[in-house]
Amino acid sequence: MLCSLASAATAGVVRHGARAQAASSMPMPMKHDTAFMASLRGRTVDPKVNGFDPHAVIRDFDRGKTHRSATGRVVREFEIEALDKDIELAPGVTFPAWTYNGRVPGPTLRASEGDLLRIRFANGSQHPHSLHFHGIHAARVDGVPGAAAGVIAPGQTTTYEFVARPFGLHLYHCHAFPLAAHLARGLYGAFVVDPKDSRADADELVMVMNGFDTDADGENDIYAVNSIPFAYMARPVRVKRGELVRLYIANLTEYDPVNSFHVHANLFEYFPTGTSPFPSEYTDTVLQCQGQRGIAELRFEDPGRYMFHAHQSEFTELGWMGVFEVS
Amino acid sequence: MRRAALLLLTLVTLAGCGATSNQEAAAGELAVERAAMHPGTIDLFVHNGTARRTTLAQVAIDSGFVGFSGPATAVAAGGDAVLTVPYPWVRGEGYTVKVITGDGATLDYRIDPQ
């Protein structure tokens, strides 16, 4: 039949005839929800399918369990487990992810500068993994091959212990080789270290920019913040007019050299890596290479819907797009 | 590359009222075999030459997700499907098409300028 269809087309047979011939053996049609159209129609991936909701992830901070040491220092303990898990990225598209605690990005760990951190890492994956933190710490807890515990074998555990410093927005990710594969599968998360005197009160949002190479050809097919394309189009991120909004923006996109963040009709103060109390820029667009991150602060003056997205059209139309709803 | 063997890039020459010539999918392959251009829409003809049912989950044109109409169920082994994509295509311009299956494989296709 296909041969005859091709021949018919070449011979100039009208398309309607060819389609009628083909249609007899085809399934009945229906309207599909693409990620983008789904977002416009209020439908996206059901969070129950994945066990995590991008709308929860964006405001979810894991502060661990704390107690005071004999010297009075805050000791903050976290539990992280690497798990293999299929996640639905766009409606109908399943991806075999490697996760921290069953979600991508992994939990946003949060501490105060000077806290003693103990992060117990269990590898429940079928592959060797590690936790490599950005920030300042000793080589023995750097989570790279050859450094103390190094890469953790499946079924094994280790504990990373170091003091949280400096204040800012940092990262953690797997540092097992090949690096690209381990990051592209989803093994990363944000790591917030607050200043000792804390920051001003704000509505705080975490946006981890990422991409997914669904066909394993070394190029991303889907882009997002917090993994689910168009999730914040389908359901806007609600913020209050006049309230300080603080965005923790990090780029963990594999395969593409840079990613970017842009907000419509407003400008923000930008603090690269969040390590200085003074902004470096007043802008509406920032560029980040992989591993780069920063804090953006703004107040929306007027109610309404304001888009935010990568200012790279390809990324935007392949999922990295959302809306703030200001009221 | 794990699914690369499933992919086929077929070339198409647009002619007449929009029907296209094309290369057939080789046996055992899942591929977009041809495209037909209509005012405001593009029909993509997909053949599943593999031995397993396949869901055609998403379509992107020129690196942007687009809405489409297509089969309500997975395409059976050996079966065919037509995906109808509303799209403001422009005469004289070419387009890259990517169909993403339920397991993330991609079917790449090039529509040459008409």
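**Exercise 1.** Determine what share of the contacts in chain B between residues at least 6 apart in sequence join residues at least 24 apart.

*Solution.* Take as a contact any pair of residues with heavy atoms within 4.5 Å. Keep the contacts in chain B between residues at least 6 apart in sequence; 46% of these join residues at least 24 apart.

The model is predicted: local features need pLDDT of at least 70 and side-chain atom pairs pLDDT 80 or more, while totals for chains, interfaces and linings use all residues. Residues are numbered from 1 along each chain as its sequence is written, chains are lettered from A in the order in which they are written, and side-chain values use heavy atoms, without hydrogens and water.

**Exercise 2.** Describe the secondary structure and burial of chain B.

*Solution.* Step 1: assign DSSP runs, with helices (H or I) of at least four residues and strands (E) of at least two. Chain B then has 10 strands and zero helices. Step 2: count as buried any residue under 20% relative accessible area (1.4 Å probe, protein chains only). Of the 114 residues of chain B, 57% qualify.

**Exercise 3.** Locate Ser260(A), state whether Ser260(A) is buried or exposed, and find the polar contacts of its side chain.

*Solution.* Step 1: Ser260(A) lies in strand E16 of chain A, residues 258–263. Step 2: Ser260(A) is buried because its relative accessibility is 3%. Step 3: search for polar contacts, pairs of N or O atoms within 3.5 Å; within protein, one must be able to donate a hydrogen and the other to accept it, and residues adjacent in sequence count only if both atoms are side-chain atoms. The side chain of Ser260(A) meets that of Gln312(A) at 2.7 Å and the backbone nitrogen of His311(A) at 2.8 Å.

Conventions
Buried < 20%, exposed > 50% of the residue type's maximum accessible area, 1.4 Å probe, protein only.
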